[in-house]
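Me: Could you take a close look at one part of this structure for me, and then walk me outward from there? I'd like one connected explanation that I can follow with the model open beside me.

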Amino acid sequence: MNEEQHPGSSPELGPDRWKLARRLLEEALDLPQADREAWLDKSCSEDEELRTFVENLLAIDGAEADRDADTWIDEGAPGDMVARALSQQDFAQGWIDDYRIQGALGSGGTATVLRAEQQHPKRIVAVKIMRFGILSENAQRRFEYESEILGSLRHPGIAQVYSSGTYKDALSGQQLPYFAMEYIEDARPLDLHVRDAKTTLNETLSLFLQICDAVHHGHQRGILHRDLKPNNILVDKEGHPKIIDFGIARAIGSDSEHRERTLQGEIVGTLHYMSPEQLDFDSQDPDLRCDVYALGVILYELLTGVRPFDLEERSMTEIIQTIDRGLLVRPSARGMVLTGSRVASELDWIVQKAMERERERRYSSVSDLSADVRRFLADEPLEARPPRKTYLIRKFVKRHRLAVVAATTLFLALLTGITITSLALRRARLEAETTQSLNSFLLDMIASVDPYEDGREVKVLALIDRAAAKAQALDGVRPAFAATLHATLGATLLRLGQNDEALLQLEDAWRLASTSLGADHPVALSSLHDLAATLYQLGKIERANDLAEKAYEGRRRALGLRHVDTAKTLALTALLANSRQDLEQAETRYVRARDIFVDLQGSESQDAIQADVALGTIALARGSRSEAIDLLRSAIERGKVSLGPEHPTMLTAKKTMASISLAEGRIDEAVALLSEVEASEMKVLGPHHGSTLQTLNNLAGALQKADRTEDALQRYRDLLDRRQKAGVYKHYMTGIALGNLAVCLEKLDRLEEADEGFTSCFAMFRASRFPENHWVLAAYRKGLAVLRSKQGRFEEAEKLLVDCLTTFEKASGDHSSRIRATQMALLEVYEKTQQSELAHKLREKLGKQ
Amino acid sequence: MPKPDPSQTTKLLQQLSRGDKEAGSDLLRIIYEELHRIAQRLMRQQGAAHTLQATALIHEAWIKLVHVENPEWEGREHFLRLAAKAMRCVLVDHARATSTLRRGEGRKALPLEEEDAISNDEAMRVLSVNEGIESLAEVDPDLAQIVELRFFGGLQNNEIAEVMQISLRSVERGWQFARLWLKARFSTFEGGDEKP
């Protein structure tokens, strides 16, 4: 750069002329542009240099007015540069011992990393200089001792420490420790590498295993890393991980100093990877399980792309609380960035076990952790178990005992190869190996279950979770097998009522099967069928219908009309027609499906019975009671053996039948049917299930009608008790039970109790915000009126009954029998109070009806 | 690591006000360290930190180090002067390191953390303003001070007037001149220097 050319090179101008120049410029700037030149001619005619100087500056001012000015000078130093510069320390030039500094590589909260050239031997190294000086002699000794050990650490996965020393910082005067380490060319931090290289799940896990091996190597030599995080794990250009800063945390200071710095808010990024015991001031020294924890966090992040806890904008106390007690969202619930699909739940377990709050519950070593990852990759049973999940599963099993039992059966059926899917598989003549694999796979799954851990039924869900994980891992490798597996799991989940999970499995199954096996392949078609059934369960009728029609077409083409699978799909389309209120189509299709089932499987087959029950309810819906009775009675009879009394189809049939019997006055038959249903539901759904409670209520009502008042009373009491226990007490259904109970008491002449019963009945209706003028309430007001009449409080009774009549008459629907009963009660009141004129009128009215 | 001690900072500022030059260098070190701390925290909180302003950093350091209820307190101008100087040192060293590294190694020497990269243009601008200030200091120390406070300290004209105890009008006129002068200088630099 030539100094002469600078228009503002001040030394040439000298202090006096400089001042003049400033004044001239200021004055010139106040003038209009056009007058400036003439003014300059006048003001500095004898000093050409001065004139050029001022002219140049004025030209820049003019140029600014014309174009979008480059405003960086006005804005000041670039903000992000300020921050970057400040977060690094200045070792721009010069030497640190034997190392010639070439520039900065990066910086963290506690250190700056420089690129440097070592002189002996000649090589490029990375020099890490800590930002904090060594304060005591003790610390100095430890630093020397630890550095020596670090130098002995040799592993391809660990960046080697060549030497260490201290550097006197000119500015602060502190002795700053530094380490000269292996320089890794074109290195990228682990998380960036995984993100940009778009590694597959298997590649990522294999990378993770290499990291574990390196950490394990350190542990075997008694060195903990203590600060494992993606930024400390570099990936070289060949894709191999290199861990940096191994053991440095220990060498440069105790963990309490570390925490102190943390409290100053400097290394929040590191906190994500710190185990609860590292954050706990009172805890014992961290052991190798803090590295296990950090590896768990890293695995979490690799799988999901996010860190387990959100620590942004939190105070230190909140951060510690979050890490110590926060809810860990399962990786699979976060979605998976790696393969574009979900993380298999088995990986959840591994991560969760590594990240257990109490270190006693973590993997006891890194090699145990990596062993489990290897097992996962090899499809072997894991050491990790789903943590703290048993509670939810138990709850689920309680609610769905029936379905769970069904699923157990299904799993066993799978093993013997008699379900739809595996039959389809055989028909497809897939290589024997696939069938073999499926069976041995499932055997493995079952064998891996710990029989003491949960209940017998719980294992089914755990198995499915596990199997889903495996299936996921196989997607890319063996799509045909994976498709079959997904289809099987989907079918099982569907039967368990896990519809959302089923949907995911079945969508995978259908996609994989139709691409790898073909759209008309039995596996593709059966997953399509199940997919439609799942969508129906989820209330997505339209899409369910589209897929069901598609599946039906496919099966008709591939299997022919007279085929059980084709008929099953036909029945599904009938079910969908029914839910669209298209009774006619539903009926036609059910009949056709039923005929095929009867032909091919016999009249006692589950499918045939199910179709008949469906046809029975349709017959009832279009008003043909006798037809419905025939169909339902026959179905109940045939199903006794083949389905068993607890099958949901049988329960539906009996309930429908009972309602018909009640309506036709065959009370005893209804009582018998409802008693059976109630017993079955008690067994499979438990005493507090909504459906069980409903049946109990209906049974008590039937008993009441059969004049078995004592029995009914007992059932109502039982019902109220159970509603209380089930936590569904504040509900209008409770109001109904209370009202019915009061009516029973009144009938038994237990008037005082009945009075109390009605009071609580109306209170419950009010509490549950039941509409005041609903006819159901009127029915109990009528009951109360009868009681009042018995108590001789005729005036109140009369008023209540007149009100009830109005309500019943206004209500939609057929209430003629209720109106009649109310009028009868009113007549009685009129007679007893000798209101003969009103009584006469009413009698006439009743006579006409 | 010693934590900032407000009473110590205040004492040093008082000493400086009484003309104790030693206090200045101690203060500079404290401010320098505090700026590091704040910048690191902000970097971590904000990630890319594009909204970070020099002035925000300095004001935060002031609050951290002095903890005074009354921000009009007399030591403040010394503090701001020193802070701007500290910022200038930091930035210039950083820019130097960056440009040296770039020239020496081409594009190979990628920093470990991507976001640590600053552009060559930014580095060159910082260095050019720095050289400008150095030149100005010889002929017009007041103007050099205005540029330092404004460009590196991120201060507004009225704050500069307060710190330098001159009129706002003087600051405005001074800055008007200085920015044109710097631009003239920089356009020559840009024309003459090879672009990456």
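Reply: Let's start with A:Leu561, which counts as exposed because it has 11 C-beta neighbours inside 10 Å, and the cut-off for exposed is 12 or fewer. Please keep in mind that this is a predicted model. A:Leu561 sits in the loop between α26 (541-559) and α27 of chain A. If we set aside its neighbours within four places in sequence, A:Leu561 is in contact with A:Arg556 and A:Thr566.

Is α27(A) enclosed by the rest of the structure, or open? It is largely enclosed, because 13 of the 16 residues of α27(A) are buried. So on your screen an exposed leucine, A:Leu561, is found in the loop that comes between α26 and α27 of chain A. Just after α27(A), look at the backbone of A:Gln581, where phi is positive, at about 70 degrees.

With that part in view, let's step back to the whole chain. Chain A contains 40 helices and 9 strands. It has 849 residues, and 46% of them count as buried. Taking contacts in chain A between residues at least 6 apart in sequence, 58% join residues at least 24 apart.

With helices in mind, let's see how some of them pack. Two packed helices are described by the angle between their axes and the distance between the axes. Take α8 (residues 201-220) and α13 (residues 289-304) of chain A, whose axes come within 11 Å and cross at roughly 165 degrees. An angle over 145 degrees counts as roughly antiparallel, and α8(A) and α13(A) are therefore roughly antiparallel to each other. The crossing of α8(A) past α13(A) is right-handed. On the α8(A) side the contact is made by A:Thr204, A:Phe208, A:Cys212 and A:Val215, and on the α13(A) side by A:Asp291, A:Leu295, A:Leu299 and A:Leu302. Sorted by class, the contact of α8(A) with α13(A) has 6 nonpolar, 1 polar and 1 charged residues.

Further along is another pair, α38 (residues 794-810) and α39 (residues 816-832) of chain A, with axes that come within 10 Å and cross at roughly 155 degrees. α38(A) and α39(A) are therefore roughly antiparallel to each other, and their crossing is left-handed. Residues of α38(A) in this contact include A:Phe794, A:Leu801, A:Leu805 and A:Phe808, while those of α39(A) include A:Ile819, A:Leu826 and A:Val829. The contact of α38(A) with α39(A) divides into 10 nonpolar, 2 polar and 4 charged residues.

Next, look at α33 (residues 690-705) and α35 (residues 732-747) of chain A, which pack at an angle of about 20 degrees with their axes 11 Å apart. That makes α33(A) roughly parallel to α35(A). Their crossing is left-handed. Here A:Asn697, A:Ala700, A:Gly701 and A:Gln704 of α33(A) meet A:Ala737, A:Asn740 and A:Cys744 of α35(A). The residues in the contact of α33(A) with α35(A) are 3 nonpolar and 4 polar, with no charged ones.

Let's finish with a residue that leads us to the other chain. A:Asp61 lies in helix α3 (residues 48-66) of chain A, and it counts as partly exposed because it has 18 C-beta neighbours inside 10 Å. Which residues does A:Asp61 touch, leaving aside its neighbours within four places in sequence? The answer is A:Leu29 and B:Leu180. A:Leu29 is 32 residues from A:Asp61 in sequence, and their C-alpha atoms are 8.6 Å apart in space. B:Leu180 takes us to chain B, which has 8 helices and 0 strands. Of the 196 residues of chain B, 45% count as buried. Among contacts in chain B between residues at least 6 apart in sequence, 66% join residues at least 24 apart.

Terms used
Residues are numbered from 1 along each chain as its sequence is written. Chains are lettered from A and ligands numbered from 1 in the order in which they are written. This is a predicted model: local features need pLDDT of at least 70, side-chain atom pairs count only at pLDDT 80 or more; totals for chains, interfaces and linings use all residues. A residue is buried if 20 or more other C-beta atoms lie within 10 Å of its own, exposed if 12 or fewer, and partly exposed in between; C-beta atoms are placed from the backbone. Helices (H or I, at least four residues) and strands (E, at least two) are DSSP runs, numbered from the N terminus. Two residues are in contact if their C-beta atoms, placed from the backbone, lie within 7 Å. Axes are lines fitted to C-alpha atoms, for helices over the stretch in contact, and angles run from 0 to 180 degrees between N-to-C directions. Angles under 35 degrees count as roughly parallel, over 145 as roughly antiparallel, 65 to 115 as roughly perpendicular and the rest as oblique. A crossing is left-handed if the near helix is turned anticlockwise from the far one by less than a right angle, and right-handed if clockwise. Ala, Val, Leu, Ile, Met, Phe, Trp, Tyr, Cys and Pro count as nonpolar, Asp, Glu, Lys and Arg as charged, and the others, Gly among them, as polar.
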